[in-house]
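Please look over the sequence and the structure shown here before reading on.

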Amino acid sequence: GANSEEPRGLTAHVDTLGAMVKEVKSSGRLKLTKIGGYAWNTVEGEGCTVFTRQGVRVRGSLLLVKSSSHVFSTQVNEEKRDDENMEVRLDARTASAGETRRLGIEVGDFVAFDPRVELVNGFIRSRHLDDKACVAALVAAIKALADSGRAPARTTHFLISNYEEVGHGASAGIPADVEELLVVDMAAVGEGQN
């Protein structure tokens with residue numbers, strides 16, 4: 001920036017809500033623990049990818065343990081969507097914990113839900129887009145400054161963090177002399193909220 005006194009910072013996050021393998025079940029299916037704050041029903045039925053430590057990607061679907069209405073009738077609608085009742089059914093021939101482990105899947109592996117990105121009529125729709133859109137705005141501002149040959153009035157630090165959903169990460173990268181910090185976040189605001 002043109003003035004190095006009273007530096008400021010701008011930050012946004014790029015992390016994505018997801019899950020981690022909590023247990024490889026005796027059936028070969030996966031019990032998950034959530035990363036970030038979301039409701040299971042918002043990702044129920046979603047395709048997902050398990051990322052193993054060996055770099056193998058295994059596809060699957062997040063489903064209720066009792067997902068078949070033909071077998072479980074009305075229980076499908078009544079079942080609580082929680083950690084105990086949701087599981088990943090893998091797109092692989094596996095019917096035991098041993099067979100699933102032979103695919104390279106272990107407790108602690110990360111699971112990403114399909115983002116379903118769409119560009120429609122000039123709008124971008126995607127799961128977990130929230131702050132990634134804010135990061136795009138920060139990058140666009142930096143590019144506009146660079147293209148114009150201008151500098152901010154004050155020294156400005158840009159930080160793109162990736163741990164916001166688990167409650168840490170951004171504060172570690174902010175220089176100690178930053179006087180003013182603007183957190184760019186696109187949190188959803190419902191009707192009747194400010």
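## A loop residue at the surface

Ala151 is placed in the loop between helix H4 (130-148) and strand E10 (154-161). The model is a predicted one, and in it Ala151 has a relative accessible area of 51% and is exposed, because the cut-off for that word is over 50%. Although 148 residues separate Ala151 from Asn3 in sequence, their C-alpha atoms are 9.7 Å apart in space. When neighbours within four places in sequence are left aside, Ala151 is in contact with Gly1 and Leu145.

## A glycine inside strand E1

Gly9 belongs to strand E1, which covers residues 3-13, and with a relative accessibility of 5% Gly9 counts as buried. From C-alpha to C-alpha, Gly9 and Ile174 are 7.4 Å apart, although they are 165 residues apart in sequence. Apart from residues up to four places away in sequence, Gly9 touches His157, Val178, Glu180, Leu181 and Leu182.

## Helix H4

The 19 residues of H4 should span 27 Å at 1.5 Å a residue, and the C-alpha atoms at its ends are 28 Å apart, which agrees. Asp131, Cys134, Val135 and Leu138 are buried in H4. Seen down the axis of the helix, the buried residues of H4 fall within an arc of 105°, so they line one face. An α-helix has 3.6 residues a turn, so residues three or four places apart point the same way.

The buried residues of H4 pack against E1 and E10, while the face of H4 turned away from its buried side carries the exposed residues Lys143 and Asp147. Just after the helix, Gly149 takes a positive phi of about 75°.

In soluble globular proteins, nonpolar side chains tend to be buried together. In this model the largest nonpolar core has 22 residues, and those with the most contacts inside it are Leu30, Leu32 and Phe113. Two or more residues of this core come from each of strands E2 (18-24), E3 (30-35), E4 (47-51), E5 (57-64), E6 (86-90) and E7 (110-113).

## Strand pairing around E2

E2 and E3 pair in the antiparallel sense, with six bridges between them, and Met20 stands opposite Thr33 in E3. The hairpin formed by E2 and E3 has five residues between the strands, and there Gly28 takes a positive phi near 90°.

E2 also runs antiparallel to E7, to which two bridges join it.

## Salt bridges

Side chains of opposite charge can pair when their charged atoms come close. A search of the whole structure finds 12 salt bridges. In one of these, the side chains of Lys31 and Glu84 meet at 3.0 Å, N to O. This pair links distant parts of the chain, with Lys31 in strand E3 and Glu84 in the loop between helix H2 (75-78) and E6, 53 residues apart. At a relative accessibility of 12%, Lys31 counts as buried, because the cut-off for that word is under 20%.

Arg81 forms a salt bridge with Glu44, and their closest N and O atoms are 2.8 Å apart. Arg81 lies in the loop between H2 and E6 and Glu44 in the loop between E3 and E4, so this pair ties together parts of the chain that are 37 residues apart in sequence. Both partners count as partly exposed, Arg81 with a relative accessible area of 24% and Glu44 with a relative accessibility of 32%. In another salt bridge Arg125 pairs with Glu118, the closest N and O atoms being 3.5 Å apart; here Arg125 counts as exposed at 51% relative accessibility, whereas Glu118, at 36%, counts as partly exposed. Lys25, Arg29 and Glu87 are linked in a network of salt bridges.

Technical notes. Residues numbered from 1 in each chain as written. Predicted model: local features only at pLDDT ≥ 70, side-chain atom pairs only at ≥ 80, totals over all residues. Heavy atoms only, no water. Core = buried A, V, L, I, M, F, W, Y, C linked by side-chain atoms within 4.5 Å. Buried < 20%, exposed > 50% of the residue type's maximum accessible area, 1.4 Å probe, protein only. Helix = DSSP H or I, 4+ residues; strand = E, 2+ residues; numbered from the N terminus. Contact = heavy atoms within 4.5 Å. Salt bridge = Lys/Arg side-chain N within 4 Å of Asp/Glu carboxyl O. Expected span 1.5 Å × (residues − 1). Arc of directions from axis to C-beta. Pairing = 2+ DSSP bridges.
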